[in-house]
Amino acid sequence: MKIKARITSIIKANSLDFSITGFPTFDLSELDLENDLEFLLPTNLRLGHLIERVVAELIKSSTNYKMLYENIQIIEDKRTIGEIDFIIQNENTKQCIHLELAYKFYLFDPSISLEPINNWIGPNRNDSLLDKLQKLKAKQFPLLYYRCTASKFNTIAIEQVAQALCLLVSLFVPFKYKGSFNPIYQKAIKGYYINVDTFISLNSAAKWYYIPLKKEWGIDPSENEIWTDITGIAKDVTESIKEKQSLLCWQKYRNLYSEFFIVWW
């Protein structure tokens, strides 16, 4: 994995704002950062934890925000009831912020509902944008005010801490979908999704492919240097679909790069 490409992908990632989530938004563009920022990253982390590490390092590298606490587990009666991602402080205003971070890939299924927010689902249909927002509202943000939380943050006044969400998303729509989207969704659309039969039918000798590791998801496909024809990924595709695991695919076609999910459903 190219570390610089991974960092850049997070800095440039699109976030959903208050008009979609209903939560105050913290956009990474608020961080004052040096150009060409680079730092070491662990190689053994899963995607979610890897993104947390990148964002934590970005906050620490910024000149206008300070990291006060990160990844604090909240324990009640010897049982872990949750984790608070970050408590950060604006160096100019001294405002402390409880910041929750999420990095998600959602596919739009127009058959679910007439309300777009209900239709963004995970690649394997086992989670959704709406589920995530409901969990944040019911569990994640209220966690700050639990009685057992106060002892973890004895250097700050909990009642004066603001709360914000950084929800970074990559969105995918059905192949050749003609519907329109709220501009906030539109700017986060990275590609499309198709089934195996459609994928095979669209193949040509001029197309080259790469199946990124999960920790590479979100990186620009143009950063990739290893490509193969369809036979080189056939086994991965067949096994994933058989196991009901949708997979992300990067494509190079002449000088054009694209990304799409091949779904099992």
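**Pockets, cores and strands**

Guide: The largest pocket has a volume of about 1,300 Å³. On a 1 Å grid over the protein atoms alone, a pocket is an open set of points with protein on both sides within 12 Å along at least five of seven lines, while a cavity is a set where a 1.4 Å probe fits but cannot get out; lining residues have an atom within 4 Å of a point. Grid points are joined across faces, edges and corners, and a volume is the space filled by probe spheres set on the points. This is a predicted model: local features need pLDDT of at least 70, side-chain atom pairs count only at pLDDT 80 or more, and totals for chains, interfaces and linings use all residues. Residues are numbered from 1 along each chain as its sequence is written, and side-chain values use heavy atoms, with hydrogens and water left out.

Visitor: Which residues are closest to the centre of the largest pocket?

Guide: Leu47, Gly48, Tyr103, Lys104 and Lys214, out of 43 lining residues. Strand E4 supplies the largest share of that lining, 7 residues. Helices (H or I, at least four residues) and strands (E, at least two) are DSSP runs numbered from the N terminus.

Visitor: How many cavities of 30 Å³ or more are there?

Guide: The search of the whole structure gives 1. The largest cavity holds about 40 Å³ of space. Its lining includes Tyr192, Phe199, Tyr209 and Gln251. E7, H6 and strand E8 (207–210) each give two or more residues to that lining.

Visitor: How do I read a helix with one buried side?

Guide: An α-helix has 3.6 residues a turn, so residues three or four places apart point the same way. In helix H7 (residues 234–242), Val237, Ser240 and Ile241 are buried. They lie on the same side of H7 because they cover an arc of only 95° around the axis, the arc being that of the directions from the helix axis to the C-beta atoms. Buried means under 20% relative accessible area, exposed over 50%, and partly exposed in between (1.4 Å probe, protein chains only). On the face turned away from the buried side are the exposed residues Lys235, Thr238 and Lys242.

Visitor: What do the buried residues of H7 pack against?

Guide: Helix H6 (196–202), strand E9 (247–253) and strand E10 (256–263). Contact here means heavy atoms within 4.5 Å.

Visitor: How are strand pairings read?

Guide: Two strands pair if DSSP finds at least two bridges between them. Strand E1 (residues 14–15) runs antiparallel to E6, joined by 2 bridges. Of the 13 residues of E6, 11 are buried.

Visitor: And the nonpolar core?

Guide: In soluble globular proteins, nonpolar side chains tend to be buried together. A nonpolar core is a set of buried Ala, Val, Leu, Ile, Met, Phe, Trp, Tyr and Cys residues joined through side-chain atoms within 4.5 Å. The largest has 41 residues, and those with the most contacts inside it include Ile10, Leu58, Phe86 and Phe261. Helix H3 gives the most to this core, with 8 residues. Apart from this core lies another, of 20 residues, among them Ile20, Leu133, Tyr185 and Ala188.
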